Amino acid sequence: MDTKTKNLLRGFGAALSNVIIKILIPMYIFRSVLQDTTIMEVDLGFTKAKVDIILFWLIAMGSISASLSFSKASSPKHSTRKAVFDIILILSNAFYLYLYRFSGALDIAVALDFGGATGMFYLNFENMVYISMGVITLNLIIGLYDFIISYAAPIEEEL
Amino acid sequence: MILQNLQDTLSKILVVIEKILPAILWSMGIILAFVLPLGLFLKDILGALVSHFPGPETGLIWVYFIVAGIFLGLGIFLAVKFPERKIQL
(Lines give C-alpha, C1' and ligand atoms only; values in the text may rest on other atoms or scores of the structure.)
Protein backbone atom coordinates (compact mmCIF):
# COMPACT_ATOMS: atom_id res chain seq x y z
CA MET A 1 0.00 0.00 0.00
CA ASP A 2 1.47 3.38 -0.97
CA THR A 3 1.82 6.32 1.43
CA LYS A 4 -0.99 8.28 -0.19
CA THR A 5 -3.59 5.54 0.41
CA LYS A 6 -2.26 4.93 3.91
CA ASN A 7 -2.61 8.64 4.81
CA LEU A 8 -6.13 8.77 3.42
CA LEU A 9 -7.20 5.63 5.26
CA ARG A 10 -5.72 6.94 8.52
CA GLY A 11 -7.58 10.22 8.00
CA PHE A 12 -10.93 8.61 7.22
CA GLY A 13 -10.57 6.32 10.24
CA ALA A 14 -9.94 9.30 12.54
CA ALA A 15 -12.84 11.26 11.01
CA LEU A 16 -15.22 8.30 11.36
CA SER A 17 -14.29 7.70 15.00
CA ASN A 18 -14.79 11.44 15.67
CA VAL A 19 -18.23 11.39 14.02
CA ILE A 20 -19.26 8.39 16.13
CA ILE A 21 -17.87 9.71 19.43
CA LYS A 22 -18.68 13.42 19.07
CA ILE A 23 -21.94 13.36 17.10
CA LEU A 24 -23.73 10.02 16.88
CA ILE A 25 -23.39 8.73 20.47
CA PRO A 26 -24.32 12.07 22.19
CA MET A 27 -27.11 12.52 19.62
CA TYR A 28 -28.54 9.11 20.46
CA ILE A 29 -28.23 9.77 24.21
CA PHE A 30 -29.98 13.15 24.06
CA ARG A 31 -32.63 12.32 21.43
CA SER A 32 -33.56 8.77 22.39
CA VAL A 33 -32.66 8.46 26.06
CA LEU A 34 -32.84 11.86 27.79
CA GLN A 35 -35.48 13.75 25.77
CA ASP A 36 -38.75 13.94 27.71
CA THR A 37 -37.47 11.34 30.14
CA THR A 38 -39.33 10.92 33.36
CA ILE A 39 -37.71 8.50 35.80
CA MET A 40 -40.28 7.47 38.42
CA GLU A 41 -41.88 10.87 39.22
CA VAL A 42 -38.78 12.90 38.33
CA ASP A 43 -38.74 14.99 35.14
CA LEU A 44 -35.19 15.75 33.96
CA GLY A 45 -36.28 18.81 31.98
CA PHE A 46 -34.77 17.86 28.60
CA THR A 47 -37.56 19.20 26.39
CA LYS A 48 -37.54 18.84 22.59
CA ALA A 49 -36.63 22.53 22.10
CA LYS A 50 -33.70 22.24 24.52
CA VAL A 51 -32.45 19.03 22.88
CA ASP A 52 -32.72 20.70 19.44
CA ILE A 53 -30.37 23.49 20.59
CA ILE A 54 -27.89 20.97 22.02
CA LEU A 55 -27.99 18.90 18.81
CA PHE A 56 -27.42 22.00 16.65
CA TRP A 57 -24.09 22.67 18.39
CA LEU A 58 -23.25 18.98 18.47
CA ILE A 59 -23.63 18.60 14.70
CA ALA A 60 -22.11 22.00 13.82
CA MET A 61 -18.94 21.79 15.88
CA GLY A 62 -18.71 17.98 15.67
CA SER A 63 -18.54 18.09 11.85
CA ILE A 64 -15.77 20.74 11.91
CA SER A 65 -13.90 18.74 14.53
CA ALA A 66 -14.23 15.52 12.49
CA SER A 67 -12.96 17.15 9.27
CA LEU A 68 -10.01 18.67 11.16
CA SER A 69 -9.16 15.30 12.70
CA PHE A 70 -9.10 13.90 9.13
CA SER A 71 -6.63 16.60 8.09
CA LYS A 72 -4.47 16.00 11.14
CA ALA A 73 -4.44 12.20 10.91
CA SER A 74 -3.73 12.19 7.15
CA SER A 75 -0.63 14.39 7.60
CA PRO A 76 2.81 12.72 7.74
CA LYS A 77 4.42 12.19 11.16
CA HIS A 78 6.41 15.11 12.67
CA SER A 79 5.42 17.42 9.79
CA THR A 80 4.70 21.11 10.29
CA ARG A 81 1.22 20.77 8.81
CA LYS A 82 0.34 18.04 11.33
CA ALA A 83 1.32 20.44 14.15
CA VAL A 84 -0.73 23.26 12.59
CA PHE A 85 -3.82 21.05 12.17
CA ASP A 86 -3.30 19.76 15.71
CA ILE A 87 -3.46 23.32 17.11
CA ILE A 88 -6.59 24.12 15.06
CA LEU A 89 -8.16 20.80 16.16
CA ILE A 90 -7.49 21.57 19.84
CA LEU A 91 -9.14 24.99 19.42
CA SER A 92 -12.06 23.38 17.62
CA ASN A 93 -12.41 20.85 20.45
CA ALA A 94 -12.45 23.72 22.94
CA PHE A 95 -15.26 25.41 20.99
CA TYR A 96 -17.11 22.08 20.74
CA LEU A 97 -16.88 21.60 24.49
CA TYR A 98 -17.88 25.17 25.26
CA LEU A 99 -20.82 25.40 22.87
CA TYR A 100 -22.18 21.91 23.51
CA ARG A 101 -21.93 21.95 27.28
CA PHE A 102 -23.01 25.55 27.76
CA SER A 103 -25.96 25.11 25.41
CA GLY A 104 -27.98 23.63 28.25
CA ALA A 105 -26.65 20.07 28.34
CA LEU A 106 -25.34 20.57 31.88
CA ASP A 107 -28.33 22.43 33.29
CA ILE A 108 -30.70 19.90 34.75
CA ALA A 109 -33.91 21.23 36.24
CA VAL A 110 -35.41 18.32 38.13
CA ALA A 111 -39.14 18.50 38.83
CA LEU A 112 -40.56 16.15 41.43
CA ASP A 113 -44.21 15.26 41.57
CA PHE A 114 -45.32 12.76 44.20
CA GLY A 115 -49.05 13.14 44.04
CA GLY A 116 -49.81 15.87 46.58
CA ALA A 117 -46.20 16.87 47.16
CA THR A 118 -44.33 18.66 44.39
CA GLY A 119 -40.88 20.22 44.30
CA MET A 120 -38.11 21.35 42.03
CA PHE A 121 -34.35 21.57 42.25
CA TYR A 122 -31.69 22.69 39.87
CA LEU A 123 -28.40 20.94 39.09
CA ASN A 124 -25.58 22.78 37.37
CA PHE A 125 -22.45 20.88 36.36
CA GLU A 126 -20.84 23.74 34.45
CA ASN A 127 -18.00 24.14 36.96
CA MET A 128 -16.80 20.68 35.94
CA VAL A 129 -16.08 22.07 32.48
CA TYR A 130 -13.43 24.45 33.81
CA ILE A 131 -11.08 21.56 34.57
CA SER A 132 -11.63 20.12 31.06
CA MET A 133 -10.92 23.59 29.64
CA GLY A 134 -7.71 23.74 31.68
CA VAL A 135 -6.62 20.38 30.25
CA ILE A 136 -7.42 21.66 26.74
CA THR A 137 -5.26 24.76 27.39
CA LEU A 138 -2.40 22.50 28.49
CA ASN A 139 -2.87 20.47 25.27
CA LEU A 140 -2.74 23.73 23.34
CA ILE A 141 0.59 24.60 24.96
CA ILE A 142 1.91 21.13 24.01
CA GLY A 143 0.58 21.63 20.44
CA LEU A 144 2.38 24.99 20.18
CA TYR A 145 5.56 23.33 21.46
CA ASP A 146 5.20 20.60 18.78
CA PHE A 147 4.73 23.30 16.15
CA ILE A 148 7.87 25.15 17.24
CA ILE A 149 9.82 21.85 17.26
CA SER A 150 8.57 20.87 13.78
CA TYR A 151 9.45 24.30 12.42
CA ALA A 152 12.68 25.19 14.19
CA ALA A 153 14.25 21.80 14.96
CA PRO A 154 12.53 19.07 12.90
CA ILE A 155 12.78 15.50 14.16
CA GLU A 156 14.47 13.09 11.78
CA GLU A 157 12.34 10.19 10.51
CA GLU A 158 13.08 6.76 11.97
CA LEU A 159 14.76 4.63 9.36
CA MET B 1 -5.66 -10.47 70.51
CA ILE B 2 -8.47 -9.06 68.35
CA LEU B 3 -7.48 -5.53 69.37
CA GLN B 4 -3.89 -6.27 68.45
CA ASN B 5 -4.94 -7.52 64.98
CA LEU B 6 -7.12 -4.46 64.51
CA GLN B 7 -4.26 -2.19 65.49
CA ASP B 8 -1.92 -3.94 63.04
CA THR B 9 -4.43 -3.63 60.20
CA LEU B 10 -5.06 0.03 60.98
CA SER B 11 -1.36 0.80 61.11
CA LYS B 12 -0.92 -0.87 57.68
CA ILE B 13 -3.77 1.20 56.24
CA LEU B 14 -2.25 4.36 57.77
CA VAL B 15 1.12 3.59 56.16
CA VAL B 16 -0.57 3.33 52.74
CA ILE B 17 -2.54 6.55 53.32
CA GLU B 18 0.63 8.30 54.42
CA LYS B 19 2.25 7.32 51.14
CA ILE B 20 -0.59 8.25 48.77
CA LEU B 21 -1.89 11.35 50.58
CA PRO B 22 0.92 13.70 49.46
CA ALA B 23 0.42 12.60 45.83
CA ILE B 24 -3.34 13.25 46.06
CA LEU B 25 -2.82 16.63 47.74
CA TRP B 26 -0.16 17.65 45.23
CA SER B 27 -2.35 16.73 42.25
CA MET B 28 -5.32 18.58 43.79
CA GLY B 29 -3.07 21.57 44.41
CA ILE B 30 -1.82 21.55 40.81
CA ILE B 31 -5.40 21.31 39.52
CA LEU B 32 -6.56 24.18 41.73
CA ALA B 33 -3.53 26.39 41.20
CA PHE B 34 -2.80 25.79 37.55
CA VAL B 35 -5.44 23.87 35.56
CA LEU B 36 -8.53 25.61 36.97
CA PRO B 37 -7.32 29.21 36.30
CA LEU B 38 -6.27 28.13 32.79
CA GLY B 39 -9.74 26.71 32.25
CA LEU B 40 -11.40 29.91 33.47
CA PHE B 41 -9.12 31.97 31.24
CA LEU B 42 -9.93 29.85 28.16
CA LYS B 43 -13.64 29.88 29.02
CA ASP B 44 -13.66 33.70 29.12
CA ILE B 45 -11.89 33.93 25.74
CA LEU B 46 -14.21 31.38 24.14
CA GLY B 47 -17.24 33.12 25.63
CA ALA B 48 -16.23 36.38 23.97
CA LEU B 49 -15.59 34.65 20.62
CA VAL B 50 -18.69 32.46 20.36
CA SER B 51 -21.02 35.43 20.66
CA HIS B 52 -20.23 36.07 16.96
CA PHE B 53 -21.12 32.50 15.89
CA PRO B 54 -24.48 31.91 14.15
CA GLY B 55 -26.68 30.16 16.69
CA PRO B 56 -29.60 27.71 16.38
CA GLU B 57 -32.13 30.56 16.11
CA THR B 58 -30.56 31.69 12.80
CA GLY B 59 -30.77 28.23 11.22
CA LEU B 60 -27.39 28.76 9.57
CA ILE B 61 -25.99 25.29 10.20
CA TRP B 62 -24.76 25.14 6.60
CA VAL B 63 -22.07 27.72 7.48
CA TYR B 64 -20.48 25.13 9.77
CA PHE B 65 -20.80 22.45 7.08
CA ILE B 66 -19.00 24.72 4.58
CA VAL B 67 -16.16 25.32 7.08
CA ALA B 68 -15.96 21.55 7.72
CA GLY B 69 -15.97 20.90 3.96
CA ILE B 70 -13.12 23.39 3.43
CA PHE B 71 -10.98 21.68 6.08
CA LEU B 72 -11.85 18.23 4.68
CA GLY B 73 -11.06 19.30 1.12
CA LEU B 74 -7.78 20.86 2.24
CA GLY B 75 -6.88 17.69 4.13
CA ILE B 76 -7.64 15.43 1.12
CA PHE B 77 -5.73 17.74 -1.23
CA LEU B 78 -2.66 17.84 1.02
CA ALA B 79 -2.78 14.08 1.69
CA VAL B 80 -2.89 13.34 -2.07
CA LYS B 81 -0.53 16.08 -3.27
CA PHE B 82 2.09 15.91 -0.51
CA PRO B 83 1.98 12.43 1.05
CA GLU B 84 5.59 12.52 2.24
CA ARG B 85 7.09 14.92 4.71
CA LYS B 86 9.77 17.30 3.49
CA ILE B 87 12.56 17.05 6.04
CA GLN B 88 14.23 20.40 6.59
CA LEU B 89 17.54 19.26 8.04
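Before I turn to the first helix, let me say that the expected span of a helix is 1.5 Å times one less than its number of residues. Please also keep in mind that what we are looking at is a predicted model.

With that in hand, consider helix H2 of chain B, residues 61-81, which has 21 residues and reaches 30 Å from its first C-alpha to its last, close to the 30 Å expected. Within H2(B), the buried residues are B:Tyr64, B:Ala68, B:Phe71, B:Gly75, B:Leu78 and B:Ala79. Seen down the axis of H2(B), these buried residues fall within an arc of 105°, so they line one face of the helix. What covers them includes three helices of chain A, namely H1 (3-34), H2 (48-73) and H3 (80-105), while the face of H2(B) turned away from the buried side carries the exposed residues B:Ile70 and B:Lys81.

Staying with chain B for a moment, there is a nonpolar surface patch of about 1100 Å², and among the residues that make it are B:Leu3, B:Leu14, B:Ile24 and B:Met28. B:Leu14 lies in helix H1 of chain B, residues 2-50, and counts as exposed because its relative accessibility is 54%, where exposed means over 50%.

Let me move to chain A, which has 4 helices and 4 strands, following the pattern α-β-β-α-α-β-β-α when read along the sequence. Of its 159 residues, 45% count as buried, and chain A exposes about 8300 Å², of which carbon and sulfur atoms supply 68%. Among the contacts in chain A with a separation of 6 or more, 65% are accounted for by residues 24 or more positions apart.

How many salt bridges does the structure hold over all chains? There are 3. In one of them, the side chains of A:Arg31 and A:Asp52 meet at 2.8 Å, N to O, and this pair links distant parts of the chain, with A:Arg31 in helix H1 and A:Asp52 in helix H2 of chain A, 21 residues apart. A:Asp52 also meets A:Lys48 in a salt bridge, at 3.3 Å, and these two, being 4 residues apart in helix H2 of chain A, are separated by about one helical turn.

A:Asp86 forms a salt bridge with A:Lys72, the closest N and O atoms being 3.5 Å apart. Here A:Asp86 lies in helix H3 and A:Lys72 in helix H2 of chain A, so the pair ties together parts that are 14 residues apart in sequence. A:Asp86 is buried, at 14% relative accessible area, whereas A:Lys72, at 25%, counts as partly exposed. Finally, salt bridges that share partners join A:Arg31, A:Lys48 and A:Asp52 into one network.

Methods: Residues numbered from 1 in each chain as written. Chains lettered and ligands numbered in written order. Predicted model: local features only at pLDDT ≥ 70, side-chain atom pairs only at ≥ 80, totals over all residues. Heavy atoms only, no water. Buried < 20%, exposed > 50% of the residue type's maximum accessible area, 1.4 Å probe, protein only. Arc of directions from axis to C-beta. Contact = heavy atoms within 4.5 Å. Patch = residues over 30% accessible without salt bridge, like charges linked within 9 Å, V, L, I, M, F, W, Y side chains within 5 Å. Areas by Shrake-Rupley, 256 points an atom, 1.4 Å probe, with all protein chains shown as cover. Salt bridge = Lys/Arg side-chain N within 4 Å of Asp/Glu carboxyl O.
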